[in-house]
Amino acid sequence: MKKSLFFIAAMVAMVACAKVGTEECAQMQTAKTISIPMEMETVSIESDTKAYLNQETSGWNYVWEDQDQMGYFQFRNGRLYNQSKAEVDKRPSSVSVIYDATDFMPGDAIFSYLYQEEAEADLSSLGIVNNDPYELYVQIPTIQITSTEPETYQYVEEMSFTVAGFNYSRLKDYSVSKVSSAVGVKPKSGKLGFKIGGYDSDLKYGCSGASNLKIDWYGNATVDVDFRALASSDLASTSSNGNTKTYTQVYPIQIYVEGHEEYPAQINLTVTATYKKEILFGLLGSSKVTVSYAAATSNNASVVIDHFLEGPVKPYPVRDCMPCVSKQLTLTNYMVADPEGIQNNMTMYMLGSAVEFRVYSLDSSVAVGETLQGVIFSSNDDPCAGVGLYDLVGSDLMLGTMSDNTVISYDSDGKTIANGKENYVSLYMILAPGSYAADVNFITDQNVYTFHMGSKEFSRATKKAITCNLASASCTVTPFDEFFGLGDGDDYGTSEGEDSENE
């Protein structure tokens with residue numbers, strides 16, 4: 001564990017961090033938003049490779065996460081009109097980017113890019129404002145991390161439902177004869193039926209003021225209502241001759257989504273009891289109480305539900321490392337007038353190249369059982385990462401010259417080196433497109449395995465798989481402590497792993 005932590009610290013020290021970023025633009029007040037479902041460029045792969053990040057049978061693409069941001073430049077009549085940001089609204093079944101469309105007009109041109117928050121902050125600290133779409137600063141980080149932390153989704157859902165269509169079949173009107181007063185009469189308990197309009201079977205509903213709420217698949221519901229005995233305080237009116245008295249009780253019943261009890265739909269169930277003295281042939285006869293029921297809603301429910309969902313645990317290679325851009329999207333009358341109807345109008349393109357190092361050993365006595373912590377890629381030619389300029393308006397998908405020659409990719413979970421080519425473990429990295437000869441150092445918990453890689457071509461939006469046999473004769477093995485300059489007296493101790501000779 002100590003060596004793993006030291007490796008992380010060493011990675012940070014070995015790479016000169018590129019200072020990049022842009023001044024963050026103030027967002028406009030949102031009066032209207034435009035939701036543009038965005039597609040990610042999908043690239044065909046050879047049958048002997050694995051998909052990168054978003055794995056499919058015939059292609060791979062780069063996946064951004066919920067609440068990531070897209071920066072964009074808005075042109076009007078050929079001139080730069082506005083610069084702002086939009087937020088990724090990702091859910092388990094869809095990905096959209098929510099743009100502030102308050103000032104969008106048909107004919108406006110939108111150029112978008114994946115907003116790299118850390119890079120933009122670094123640029124801002126240097127006093128650099130990233131506000132030129134013809135020379136946009138983009139970054140391929142020099143320190144990259146693969147993680148199995150699950151993806152999360154956070155979004156707000158507004159939903160409403162109504163309560164109507166009351167059914168009194170189990171709350172029938174009835175009479176009680178030969179009583180001297182309505183006071184003390186208890187209305188019969190029963191069931192009130194109703195319909196929940198806008199019912200969502202994925203949500204759980206509750207009630208107050210009643211009990212035993214039951215709802216079928218179609219939103220038909222019932223509750224059990226228990227009434228209290230009539231009291232003199234329930235008297236609502238008396239006839240002029242005093243022979244008829246009316247008593248009323250109101251029972252508020254609230255239907256709500258559990259967890260959102262503060263946003264209920266309220267049913268006001270009213271019980272009316274009429275006490276009447278009967279006069280027969282001018283003589284006072286028997287009397288009776290007639291009980292009836294009525295219901296009405298005082299409001300319907302409008303609920304704002306905050307969702308926080310966690311996806312499955314699976315590897316997400318090198319998060320936040322691929323610069324992505326769009327080409328020009330020209331807004332149409334339809335897009336501005338009916339933004340909810342827009343489907344797949346914008347494609348995001350990857351500017352970097354993906355590498356999958358497939359690491360294994362063909363000698364059971366070399367590296368097998370060691371934990372792979374990361375890889376250091378040092379270009380002997382042109383810079384392969386860091387900061388570069390990109391012409392977003394020109395949209396040629398070509399990165400300018402980058403700033404750094406070294407990239408370090410760290411696997412936060414660690415994988416065990418196995419024997420046999422078919423048992424390789426993968427470690428991923430993003431590079432700038434180009435041809436590079438490089439020194440490649442694979443770091444385990446015990447040793448560092450160094451290859452002097454000949455020149456290889458790394459193309460945009462291509463994933464290159466590179467097989468790496470740590471027992472190869474072309475591989476130099478250096479103990480972990482020696483490679484990182486740890487002395488015998490260092491607190492981290494010395495490696496207990498077996499040193500391997502070059503073949």
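**Note on the predicted model**

1. C207 has a relative accessible area of 17% and is therefore buried, since buried means under 20%, exposed over 50%, and partly exposed in between (1.4 Å probe, protein chains only). C384 also counts as buried, at 0% relative accessibility. A search of the whole structure finds zero disulfides, a disulfide being a pair of cysteine sulfur atoms within 2.5 Å.

2. This is a predicted model, in which local features need pLDDT of at least 70 and side-chain atom pairs count only at pLDDT 80 or more, while totals for chains, interfaces and linings use all residues. Residues are numbered from 1 along each chain as its sequence is written, and side-chain values use heavy atoms, with hydrogens and water left out.

3. The protein chain has four helices and 32 strands; these are DSSP runs (helices H or I, at least four residues; strands E, at least two), numbered from the N terminus. Of its 503 residues, 47% count as buried. The accessible surface of the protein chain is about 23,900 Å², and carbon and sulfur atoms hold 47% of that surface; areas come from the Shrake-Rupley method with a 1.4 Å probe, and for residues only the protein chains shown count as cover.

4. Among contacts (heavy atoms within 4.5 Å) between residues at least 6 apart in sequence, 74% join residues at least 24 apart.

5. Three strands form an open sheet in the order β28-β24-β31, with mixed pairing. Its edge strands, β28 (425-431) and β31 (463-469), each pair on one side only; two strands pair if DSSP finds at least two bridges between them. Strand β24 (residues 353-360) runs antiparallel to β28, and seven bridges join them. S353 has L431 of β28 as its bridge partner.
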